[in-house]
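Subject: Structure handover

Hello,

Here is the structure, with the sequence alongside. My notes on what was found follow below.

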Amino acid sequence: MTGIILVALGALWSGAVFAEIPPSRQAELMHLLVQDCGSCHGLTRQGGLGPALTRDALNGKAPVMLREVILHGRPGTPMPPWKSFMSAQEADWLVQVLIEGRTDEKH
């Protein structure tokens, strides 16, 4: 029963996240994910300088933690903070894209 509730909450969260980001900004964020994040995490997100960002690699990771890493980076590593380039809501959108394993730059 708990699993069903979590799935339902996740669906509501992802729907709310996608509904609030305009399609043009979604395209910009996907481009950033492919090009900028891909320069360290690999263009196919299989890893490189940074760890893999595949659906399997992120399985079980808390979305809030992933958002915080995107926004604030990881001190002492090459992972920069992206908070100057996106809002928390946009970072949540990217987290959802990563968790879903979406790979298209066209949304």
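Q26 is buried, because its relative accessible area is 3% (buried means under 20% relative accessible area, exposed over 50% and partly exposed in between, with a 1.4 Å probe and protein chains only). Q26 belongs to helix α2; helices here are DSSP runs of H or I of at least four residues, strands are runs of E of at least two, and both are numbered from the N terminus. Between Q26 and L94 there are 68 residues in sequence, yet the C-alpha to C-alpha distance is 8.8 Å.

Before the rest, two notes on the source. This is a predicted model, in which local features need pLDDT of at least 70 and side-chain atom pairs count only at pLDDT 80 or more, while totals for chains, interfaces and linings use all residues. Residues are numbered from 1 along each chain as its sequence is written, and side-chain values use heavy atoms, with hydrogens and water left out.

Overall make-up

The protein chain has five helices and zero strands, so from the N terminus on the order of elements is α-α-α-α-α. Of its 107 residues, 36% are buried. Taking contacts (heavy atoms within 4.5 Å) between residues at least 6 apart in sequence, 58% join residues at least 24 apart.

Helix α2

Helix α2 covers residues 23–41 and bends by about 30° at L33. The bend is the angle between axes fitted to the seven residues ending at a residue and the seven starting there. The buried residues of α2 are R25, Q26, L29, M30, L32, L33, V34, C37, G38 and H41. After α2 comes G42, with a positive phi near 90°.

How α2 meets α5

The two helices pack at an angle of about 60°, and their axes are 11 Å apart. Axes are lines fitted to C-alpha atoms, for helices over the stretch in contact, and angles run from 0 to 180 degrees between N-to-C directions. The contact involves R25, Q26, L29, M30, L32 and L33 on the α2 side, and E90, W93, L94, V97 and L98 on the α5 side. By type, these residues are eight nonpolar, one polar and two charged. Ala, Val, Leu, Ile, Met, Phe, Trp, Tyr, Cys and Pro count as nonpolar, Asp, Glu, Lys and Arg as charged, and the others, Gly among them, as polar.

The nonpolar core

A nonpolar core is a set of buried Ala, Val, Leu, Ile, Met, Phe, Trp, Tyr and Cys residues joined through side-chain atoms within 4.5 Å. The largest one has 21 residues, and L33, I70, M86, W93 and L94 touch the most other members. Helices α2, α4 (63–72) and α5 (88–100) each supply at least two of its residues, with the largest share, six residues, coming from α5. Leaving aside residues up to four places away in sequence, L94 touches L29, L32, L33, I70 and M86.

Two more positions

Q96 lies in helix α5 and counts as buried because its relative accessibility is 9%. Q96 and R67 are 29 residues apart in sequence, with 9.6 Å between their C-alpha atoms. E20 is in helix α1 (residues 2–20) and counts as exposed because its relative accessibility is 53%. The C-alpha atoms of E20 and Q89 are 8.3 Å apart, for a separation of 69 residues along the chain.

Regards
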